[in-house]
Amino acid sequence: MPAAATTVAAGLATGPGSRVTRFAKSTAASVTPVRPGKTHTLSPLDNAMERHTVHVVLYCRAAPGLDREQLKESLSEVLSLYPAMTGRLTRREGGEGAPADGEPSQRGWVVKCNDAGVRMVDARAAATLDEWLATATGDEEMDLLYYEPMGPEPYIWSPFYVQLTEFADKSYALGLSCTHIHNDPTAAALFFQAWAAAHRRTTSTYPPFLHAPAFEVSPPSLPPPPPLLAEKSSAASPASADAAAMSSATFHFPAPAVRALLSSLEPGTTPFAALAALFWLRVTGAANGERELTLALDFRKRMYAPLPWGYYGSVVHFTRARADLAAGLPAVAAALDAHVAGVPEEDLWRAVEWLYARQQQPEGGAAGPFQMYGPELTCVALDHVPMYGAEFEAGAPPARVSCRVGGAAGEGLVIVLPAAEGGEARDVVVTLPAEATARVCRDGEVLRHGAQVVFGTKAGKEA
């Protein structure tokens, strides 16, 4: 297998009392070399995500064809389809010559597809998969992921990290962490489908689509900023202590619970709007007055010329919805649905043009990146993404898929995901200030609507 010699490396330790032991770090490379000089230019939407990371965990039950070495072999196979993943980042300044593949010269991050590989971490968990799902906290789940922040030398830094954690019953957690500059949550989740297809030696339903010009724009001057991005770009960065004080939890809503919730709302209400409204009301605790909620929407299939599911990069659009919270859950959910349905594609392109023009300004580089997810409460719609098609064994979908976005300090983040059983069932992952996470895990209204706390707080697990 094309991987560097495995070594026990420093910096792999988990926290005190953790049931996860990381014991080795190596580099996984693709089996097919990339042609010399190939680069991949990242879009304005990609460049805007420099402050954020994406983390996805896939839980796979034990199966005859699922072991560590076979997973590493199939990972090297699938990396041949993702030359940008095994490359390294470099920042291009305006005026430099065009790269070898003919992409236009511009300021911003560019991937040199040099076959440097992705970092691989081996780990074991002192629990069976079912024991883990029944007892792990949201913060403990992060031990199934490994990530090293970008240092001062990005050209030697790996933007992707894969952790293989073997449970006591030979089940596995496959943890992928990457910079959001490369991939949004949809692209990261669908990478697992391509990996699973390579593992079974079949073709992926959602093959990667690396097409840098998909968001190529050239506004003649700096256009006026969209109001939401103007606020974000001028907001003060949260203190590092605020980021450290964030905590996560996962709520599972079985299909009958979601159907019961929808039956109490206006006809046609979507599960996303229902759950986003429920958590908006319970997290803020606001009893009256019109408030705003930032929504993060995947625009791949909302565009006039839709992008393939496998589009490699970020297609997340941030938009602000308004609702009178005193009107109650049915009205708030209806307002969210109406807003999502009415977001025009022109809003996305205005954001792309402004981000691109800002990126090309010398002062844009000096100002640096700003926080896109937050600091205001933000809700991410991912329940339409086909996350459970990654069958490493035919007919055996993942037992669970979890997703988080890093760098969302502030009021917090709510992510609505599909659930393993499909249909109306949903999972909701929250990352909030620690006290808010603990409060929502005990919230009577959330629990009354059928929520099952899967990865809760430590206090909740001990209660």
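## Helix packing

Helix 8 (residues 255-263) packs against helix 9 (residues 271-284) at an angle of about 80°, and their axes are 10 Å apart. Helix 8 is therefore roughly perpendicular to helix 9. The contact involves Val258, Leu261 and Leu262 from helix 8, together with Pro271, Ala274 and Leu275 from helix 9. Sorted by class, the contact of helix 8 with helix 9 has six nonpolar, no polar and no charged residues.

The terms used here are as follows. Helices (H or I, at least four residues) and strands (E, at least two) are DSSP runs, numbered from the N terminus. Axes are lines fitted to C-alpha atoms, for helices over the stretch in contact, and angles run from 0 to 180 degrees between N-to-C directions. Angles under 35 degrees count as roughly parallel, over 145 as roughly antiparallel, 65 to 115 as roughly perpendicular and the rest as oblique. Contact means heavy atoms within 4.5 Å. Ala, Val, Leu, Ile, Met, Phe, Trp, Tyr, Cys and Pro count as nonpolar, Asp, Glu, Lys and Arg as charged, and the others, Gly among them, as polar.

The model is predicted: local features need pLDDT of at least 70, side-chain atom pairs count only at pLDDT 80 or more, and totals for chains, interfaces and linings use all residues. Residues are numbered from 1 along each chain as its sequence is written, and side-chain values use heavy atoms, with hydrogens and water left out.

## Strand pairing

Two strands pair if DSSP finds at least two bridges between them. An open sheet is formed by three strands in the order 2-5-4, with antiparallel pairing. Strand 2 (39-41) and strand 4 (88-92) stand at the edges with a single partner strand each, so one side of each has no neighbour in the sheet. On average, neighbouring strands of this sheet are turned by 30° against each other, direction ignored.

Within this sheet, five bridges pair strand 4 with strand 5 (residues 108-112) in the antiparallel sense. One of the residues involved is Arg92, whose bridge partner in strand 5 is Gly108.

Strand 10 (residues 290-298) is joined to strand 11 (residues 316-324) by nine bridges, and the two run antiparallel. Here the partner of Arg291 in strand 11 is Ala323. Strand 10 is also joined to strand 12 (residues 378-381), in this case by four bridges and in a parallel arrangement. Thr294 has Thr378 as its bridge partner in strand 12.

## Cysteines

A disulfide is a covalent bond between the sulfur atoms of two cysteines. With a disulfide taken as a pair of cysteine sulfur atoms within 2.5 Å, a search of the whole structure finds zero. For Cys60, the closest cysteine sulfur is in Cys403, at 16 Å, which is too far for a bond. Cys441 is likewise in no disulfide, and the nearest cysteine sulfur, that of Cys379, is 16 Å away.

## Accessibility of selected residues

A residue is buried under 20% relative accessible area, exposed over 50% and partly exposed in between (1.4 Å probe, protein chains only).

| Residue | Relative accessible area | Class |
|---|---|---|
| Cys60 | 6% | buried |
| Cys441 | 10% | buried |
| His40 | 5% | buried |
| Glu50 | 24% | partly exposed |
| Asp115 | 26% | partly exposed |
| Arg201 | 68% | exposed |

His40 belongs to strand 2. His40 and His211 are 171 residues apart in sequence, and their C-alpha atoms are 8.5 Å apart in space.

Glu50 is located in the loop between helix 1 (44-47) and strand 3 (53-60). Leaving out residues up to four places away in sequence, Glu50 touches Arg91, Trp109, Ile181 and Pro369. Glu50 and Gln371 are separated by 321 residues in sequence and by 8.4 Å in space, C-alpha to C-alpha.

## Backbone features

Most residues other than glycine have a negative phi, and most peptide bonds are trans. Asp115, which is not a glycine, has a positive phi of about 60°; Asp115 lies in the loop between strand 5 and strand 6 (118-125). Arg201 has a positive phi near 60° and is found in the loop between helix 5 (185-200) and helix 6 (227-234).

The peptide bond joining Gly374 and Pro375 is cis, with omega about 5°. Pro375 is placed in the loop between helix 12 (362-367) and strand 12.
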